[in-house]
Amino acid sequence: MGEETAEIARVVVEAAPGVEKIPAAERVYAYVKAAILDRVYPGGELLTEGELATAVGVSRTPVREALLRLEESGLVKLYPKKGALVLPVLPQEINDVLEARELIESHAAAKVWPRRKQLIERLSERVDEMRAHRKTGDAKLFLEADRAFHEAIVGAAGNEILAKLYNSLRDRQVRMGVPGIEMEPARMDRSITDHQELIEALGGNSVKRFRELVVAHIDSAAADLRGIR
């Protein structure tokens, strides 16, 4: 979840000063999205417009607008006169996201190579954040830093359409990954090692090696998500 959306969700939940200045539909969107990613609303739960309107303190019209956006994001499915069903994470969705990641990231790895030196410092900062979240055991923030690492690489490749497409996968990836990390925190250690190796490869002289590590890292994430190791 983006920093702006996360901050809006916090303001809504805490009823902080200035909440009324945020557009109603944006408040509902941020609130529900955060609740789904935090599994307050688990997969399979039916949300009604009335209960969401009451929870956020708005009318039903902005709730409908927010739910339409959430449906476009693949987080809910709308049922007329019934509400919105929080979609569970299914094996096909995991496969689709992983396939999209490999296509985009392996392409970006080659495109970004001429500008790789500029990336090393930024990527090192993301790994430092991952280490800090590993120490506190915060799986969600760990995955947010993980995704920011990869978004930096894709963004530096210079294709805005691919970057936007890749960023749209962010919430799904966090939602998929958090339960597994909470069950097996050692996954964070493996991930940190993988990311450090990627940085070291960027400082080397082989784009082939870097691309191979990108694909291997995604394969490792796939094994974790599919529970086959």
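How many salt bridges does the rule count? The count comes to 19 salt bridges.

## Model and confidence

This is a predicted model. The protein chain has an average pLDDT of 89. A score of at least 70 is reached by 91% of the residues.

One stretch calls for care. Residues 13-17 have a pLDDT below 50. In the model, this stretch has two contacts beyond near neighbours in sequence. Where pLDDT is low, the predicted coordinates should not be read in detail.

## Two domains

The domain assignment divides the protein chain into domain 1 and domain 2. Domain 1 covers residues 1-86. Domain 2 covers residues 91-227. Taken over C-alpha atoms, the centres of the two domains are 28 Å apart.

The domains touch. Domain 1 gives eleven residues to the contact, and domain 2 gives nine residues. About 940 Å² of area is buried between domain 1 and domain 2. Carbon and sulfur atoms give 41% of that area.

## Across the interface

Which kinds of pairing does the rule find between domain 1 and domain 2? Three salt bridges cross the interface. Four residue pairs are in polar contact there, with both residues at pLDDT 80 or more.

On the side of domain 1 that touches domain 2, helix α2 supplies the largest share. Helix α2 spans residues 24-37 and contributes three residues. The residues on this side of domain 1 comprise five nonpolar, three polar and three charged.

Side chains of opposite charge can pair when their charged atoms come close.

Asp 171 and Lys 33 form another salt bridge. Here the closest N and O atoms lie 2.5 Å apart.

## Around Asp 194

Where is Asp 194 placed? Asp 194 is in helix α10, which runs over residues 186-202.

Which residues does Asp 194 touch, leaving out those up to four places away in sequence? Asp 194 touches His 217 and Ser 220. Asp 194 and His 217 are 23 residues apart along the chain. Their C-alpha atoms are separated by 6.4 Å.

Technical notes
Residues numbered from 1 in each chain as written. Heavy atoms only, no water. pLDDT = per-residue confidence, 0-100. Contact = heavy atoms within 4.5 Å. Domains from an automatic or database assignment. Buried area = accessible area lost by both parts, 1.4 Å probe. Salt bridge = Lys/Arg side-chain N within 4 Å of Asp/Glu carboxyl O. Polar contact = N/O pair within 3.5 Å; in protein donor to acceptor, adjacent residues only side chain to side chain. Helix = DSSP H or I, 4+ residues; strand = E, 2+ residues; numbered from the N terminus. Nonpolar A, V, L, I, M, F, W, Y, C, P; charged D, E, K, R; others polar.
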